[in-house]
Amino acid sequence: MSTTSSPKPVHVLQLYPRDMNIYGDFGNALVLKQRLTWYGYQPVMHSYDPGDEFPEEVDVVVGGGGQDSGQDRIQQDLLGISEKLHALAENDAPMLMICGLYQLFGHYFETREGRRIQGIGLLDITTYGTDNRLIGNVVSESEEFGQILGYENHSGQTYLGEGVKPLATVRTGEGNNEKDPHEGARYRNVIGSYLHGSLLPKNPAIADFLIGTAVAKKYGEALADSAAPGLTALGLSELTAQARSVAATRPR
Amino acid sequence: MIRPPAPLSVAIGRAARGLTRLRGGSGSAFPGLLVEKLDPQFLARALAKLPRGVVVVSGTNGKTTTTKMVVELLRGQGLKVFTNSSGSNFTRGVVASVLGEASFTGRLDADIAVLELDEAHAVHFVRAVNPDYSLLLNVMRDQLDRFGEIDATAGLLRTIAEHTTKGVVLNREDARVRAIADSLHSQQIRYFGLAPELRKLFPSDDEMHSASSAGGETPPRSRPDAAAPAITPEDSASGGPDGTGGETPDNEPVEPAGTGLISTPAEELPEADVLLTGLQNRGGSFRLGSKDITTELTVNGAYNTYNAAAALALVRQVLGADINDDALISSLAQVAPAFGRGESLTVGGQPLDLVLVKNPAGFRLGLSSFSAEGVATMIAINDNYADGRDMSWLWDVSFDSLAAGGVKMVSGVRAYDMGLRLAYDDVDVTALEPNLKSALEAFLAAHPEEPKRIFCTYTAMLALRKHLSAYTEVEGF
Ligand SMILES: [Zn+2]
């Protein structure tokens, strides 16, 4: 057997899948795993929960949202691996943080009572708890990724500092907060967003950005054609396009 | 404002109900609203006179079926039972139901009231009327986009329990419901539960991403602390030596389903008054106290059978020593499923099962409690208000069990979302048609000689039932 035919490994790290997994954020990890396979790579999936050993090799990092109680459980542990995450980010590793972990990747989350929950400050953002839960379908527009579709469900409202750019501009929904039209944040190759859905299945441009960046960094190559199997009824890209166009028309 | 005497409230309410009916309404919420405004104490007074008191059933899933079971079990014991059977599981709906049955003096001819209440509305209700008993079933995700967070919903159930005067029955397998016991002092607490070998069939939402899905027990440290989750150093430093390791085998993402483990070991759970000990096709085995029984059931599916354990525990608490066990078992066998919850029809001489799915745990259980072999499968997903607008939950269900036979038809408003979900689980879909009527016709025509099963969300089920009535007898709603 020649060694050239065995697929090259790409390591995907899921942060806190046990406590930060609400609203289908698991789908993001699944999409990365499947698309990596379809692009001809070997996905190696790692999950990291509080107290676990941080994997040595990490090419892509994903994290989701959670209950307040889940957030409290992981916060100290997250501060403990902050340095490792900062090093990865400064080294241009691609990351996707949704909702709760997006908030904790910022400087702090201030509760309505004024208690500050410290984040890792990887993203120049701050979040304030409110009485108002922002819930519903979101349609937003990004220069880099085109239309981004998802579902938001959060009572913390996030404000961006100078060190980050908004991920997208909201057309339907609220996004980061009720005051400005921004959704999510971008720093180097780190993406933060409030959108569940899951985000990646209906926004493959972001999935391929994460995969493409990892592969370019690690192997110096561009993504080849995908061997996505699709369905008897419909191919994967047509299916994705249809799911996107329906999602864009649904009520809030 | 002067409160009108009870007979007047009843008369006003009845008149309003008549008017609403004349105008083509269902006669439920409007007269209730009117009486509630005129006479806020009406409900408390009418229900306070019942000799066996008031029982409330709440939780996110299975209220309707469980309430129906409790009512039938109590009727089987010879009691006259008042219930809000019109499906109005909110205070105004209860007022309307009372108006429908009360005499002109505001008197209900019943021994006991058994009320199904939506979590949020139950909180208002119990402040007006303290129930004698309450049964709290579970906290699942289907209502999340309305109530915000699971922990908040658990808080609503806790409030119901705190306002209950005599006894509270809790699901010991649901960590958030079980924790409600911590804030109860004077009430008698009883539990219903699952025998250890059945627990893997009922993974909770919290367990589906458990990192130890590769095997082995999950340490109990992820038990939700339902009390205010203040950060303490001991708490959040966490990470005991029992971590299951950060790595799953190559190519194995943490799977969402099928491998769910209950995170609390059985020996740490409180003792259950009623245990579900076995599941048969249309039947179940239960341990009532120290007595084992097995009975046929008209309801189908593992969840409905577990609901029967809940109903039995409640009825045993309410009746105490007065209970007639033989009558209990024979009424249990006869309870028909509540509308739409696990319904079996015959179409063209072949069985067709409608399975209602509305949250990840329910969908997973629906998939695991029926074999897909030899059955043509269809899935219909809508995202109307009653279904929940958020499609995220589909990504918390694993569809691997459908991979062998594939899915013959995917339909509903969110058919393409469902198709996408299946594609990422390597499950093939033969046909995809968002329009429910066309999809149903094509599905029936393509599989005339096979048993069929349709997994559907609530409003998709309503529409499918309507279209199915062209082919078969469908019980009126
Ligand atoms: Zn969220």
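Two strands pair if DSSP finds at least two bridges between them. Helices (H or I, at least four residues) and strands (E, at least two) are themselves DSSP runs, numbered from the N terminus. With that in hand, welcome to the structure above.

This is a predicted model, in which local features need pLDDT of at least 70 and side-chain atom pairs count only at pLDDT 80 or more, while totals for chains, interfaces and linings use all residues. Residues are numbered from 1 along each chain as its sequence is written, chains are lettered from A and ligands numbered from 1 in the order in which they are written, and side-chain values use heavy atoms, with hydrogens and water left out.

**A strand of chain B with two partners**

Strand S12(B), residues 376-380, has 5 of its 5 residues buried, where buried means under 20% relative accessible area, exposed over 50%, and partly exposed in between (1.4 Å probe, protein chains only). Ala376(B), Met378(B) and Ala380(B) cover one side, and Thr377(B) and Ile379(B) the other. The table lists the pairings of S12(B), together with a parallel pair from elsewhere in chain B.

| Strand pair | Sense | Bridges | Residues facing each other |
|---|---|---|---|
| S12(B) and S15(B) (452-456) | parallel | 5 bridges | Ala376(B) and Lys452(B) |
| S12(B) and S13(B) (407-411) | parallel | 3 bridges | Ile379(B) and Val410(B) |
| S5(B) (167-171) and S6(B) (188-194) | parallel | 5 bridges | Asn171(B) and Phe192(B) |

**The open sheet of chain B**

Nine strands of chain B form an open sheet of mixed pairing, in the order S2-S3-S1-S4-S5-S6-S7-S8-S9. Its edges are S2 (81-83) and S9 (291-296), each pairing on one side only. From one strand to the next, the twist averages 20°. Angles run from 0 to 180 degrees between N-to-C directions, and axes are lines fitted to C-alpha atoms, for helices over the stretch in contact. Helix H4(B), residues 63-76, packs on this sheet and touches S1, S2, S3 and S4 of chain B; its direction makes about 165° with that of S3(B). Contact here means heavy atoms within 4.5 Å. Helix H12(B), residues 325-334, lies across S8 and S9 of chain B, at about 30° to S9(B).

**The zinc site in chain A**

Cys99(A), through SG, and His196(A), through NE2, coordinate the zinc ion at 2.2 Å. Donors are N, O and S atoms within 2.8 Å of the metal (3.2 Å for Na, K and Ca), and sites may look incomplete because water is not among the atoms. Cys99(A) lies in helix H4 (residues 99-104) and His196(A) in the loop between strand S11 (190-193) and helix H5 (199-202), so the pair ties together parts of chain A that are 97 residues apart in sequence. Cys99(A) counts as buried at 7% relative accessibility, and its phi is near 50°, a positive value in a residue other than glycine.

The loop between S11 and H5 of chain A also holds Ser198(A), which a cis peptide bond joins to Gly197(A), with omega about -10°. Asp92(A) has a positive phi too, near 70°; at 29% relative accessibility, Asp92(A) counts as partly exposed. Most residues other than glycine have a negative phi, and most peptide bonds are trans.

**Nonpolar cores**

A nonpolar core is a set of buried Ala, Val, Leu, Ile, Met, Phe, Trp, Tyr and Cys residues joined through side-chain atoms within 4.5 Å. The largest has 96 residues, and Leu15(A), Leu78(A), Leu85(A), Phe105(A) and Phe363(B) have the most contacts inside it. Apart from it lies another core of 46 residues, among them Ile112(B) and Leu288(B).
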